[in-house]
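Dear colleague,

Please find the structure below for your records. My notes on it follow directly after.

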Amino acid sequence: MYPDKTKMESLAEATNLAEVKGRSLWSDARTRFARNKAAVGGLVVLIAILLFALLGSFFQAWTYEAIDWKLMGRVAQIGGPSVENGHYFGADELGRDLYARVVQGTGISIMVGVVGSLVAVIVGTLYGATAGFFGGRIDNIMMRTVDVLMSIPFMFVLILMLVIWGRSITMLFVGIGLISWLDMARIVRGQTLTIKNKEFVEAAIAVGVSPFTIILRHIVPNLLGIVVVYATLLIPGLIMAESFISFLGLGVQEPMTSLGALIQAGSKQMLYGAWWQIAFPLFFFLATLFAFTFVGDGLRDALDPKDR
Amino acid sequence: MFTYIARRLTVAVPTILILITISFVLMWSAPGSPFMGEKLPPPEVMANLEAKYGLDQPYWKQYVDYLTNVIFHFDFGPSFKFKDRTVNDIIAQGFPVTLTYGFWSFIVAVIFGVGLGVTAAIRHNTWLDYLSVGFAIGSQSIPNYVMAPILVLVFTLWLGWLPGGGWEGGTWDHIIMPVIALSTSYFASIARITRSSMLEVLNSGFIRTAKAKGLPMSRVILKHALKPALLPVLSYLGPAFVGMVTGSVIIDQYFSTGGIGQFFVNSAFNRDYSTMMGITILVGTLTIIFNLLVDVLYAWIDPKIRY
């Protein structure tokens, strides 16, 4: 009368297999991201560039500040890219190895972008979430402050700061960090306004959780998607800001370098036929910008529930 | 409407004051003396110099003096480096240049950007659309300090058509390259914004009605679709203006056009604080006024916005 035991077991096994794995927002986003060819391509390029910046120095024949005296004064004629003398990307106008300098410059440019973006994530998220959660007069004051700061021509003030307090990479980080969080604060505030009316926040308020714990435990985790997207899209902008400053000769100081400084040096030498001095830095600059932009766009398509 | 303008003004005025204050605080927090050359001049010379520029006064007095001079007399004081010129002289010399090529860049960016965007939207999903979008993305990510050397390489060195720099009173051949270099990325952004908003408008009901009435396509576009499609572009003009003013620093530096950007960078290297402050404040004030104008214009044109 009863179905035999083995049949039952196999049936139980089958139902076990058929149990659908739960789909979270993030795993959902991962599949969407993986389907986006441009974003995956951007990610691959980005990883390649990061590896180049991190590990490139192990393959260099010269350090970034050593001068190859054999090339002195004849860089435009014999300083081109060559494997024999160890200058894979050629030499710069002083006879320094361009490969080592591009490795270093890429690293610094990416670092400026990532650090600035991290500041934006931390400061901007907390600021925006606080303003949005409390609302009312606090929100008004906090957001008017952001409005005021945003309408200040930041590039001019940054140059003023760099000149007055000395040009250094720390100053550059501080200056870029000071403004990078403004947009983030606005975006986060807008999102917080919708999240704070959800039931789970109401429940947390009802059981008497303190406001800051609510912000950190309940609101910020729900903002992560949009924060990740805008942090990624912010990086290329910050890299461009840094290279703008470095192009003017006010950014990173010699012998350190960044992609902007290399492009500036290269654009002067290009007129004498030393094309490699602008080509290689420019290639890495544009590749980095494109990669970050594509990855950011891909993340937005994957995480933003609006455009499905 | 008037309350809206009044409310915006109540934000704009403190912003300008904050900008002046930030610049001033930055300046007096500067280490060393602006008169330091290879070494400091003798103490009695220093005392005289400081008396002449009012630097021997207490800070609050300097601040109040500076503020009253800037606000009521439009006077940014003397330059710390050029003994015979005031900051006003420098601005009067550089600003018209910047304004000239900035104006043309603005016109070029708007006309070509809107044109390209509308074309791409009308020919949606054809090769023309893909070409325009690709072209726009490409030129959007090329910064003007990369564009400038490329232009010089092509038009000056290879083709020999245009001079590689200088201003010469602003003859057309000196204006072309600065305008192209400055407007490219804004033209591209405007094109992308126009395209997407035009696509949205073309899908809306009133356009279908206009088409159903049997109006020719050109009339539908010009008479019905263009105005609502251009609203997002209008709100982009504020950031574009800021970007162009900032970009002029690069343009001046690369093409030696002699606009305020060039003076700004030169005074940055000379530690000529008063000139830097003056230019920063001028640019900031213009930015704030321009943004205000754009917002008011927006509120006036868009019937959906009620203040």
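Two residues are taken to be in contact if their C-beta atoms, placed from the backbone, lie within 7 Å. By that criterion, 29 residues of chain A meet 34 residues of chain B. Helix 7 of chain A (154-164) is among the elements that give two or more residues to this side of chain A, and with 8 residues helix 7 of chain A gives the most. Helices here are DSSP runs (H or I, at least four residues), numbered from the N terminus. The side of chain A that touches chain B comprises 24 nonpolar, 3 polar and 2 charged residues, where Ala, Val, Leu, Ile, Met, Phe, Trp, Tyr, Cys and Pro count as nonpolar, Asp, Glu, Lys and Arg as charged, and the others, Gly among them, as polar.

This is a predicted model, in which local features need pLDDT of at least 70, side-chain atom pairs count only at pLDDT 80 or more, and totals for chains, interfaces and linings use all residues. Residues are numbered from 1 along each chain as its sequence is written, while chains are lettered from A and ligands numbered from 1 in the order in which they are written. The mean pLDDT (the predictor's confidence in each residue, from 0 to 100) of chain A is 81.

Helix 7 of chain B (residues 172-202) has a kink of about 45°, centred on B:Ser183; the bend is the angle between axes fitted to the seven residues ending there and the seven starting there. B:Ile190 touches B:Val233 and B:Tyr236, among others.

Yours sincerely

How values were computed
The expected span of a helix is 1.5 Å times one less than its number of residues. Lists of a residue's contacts leave out its neighbours within four places in sequence.
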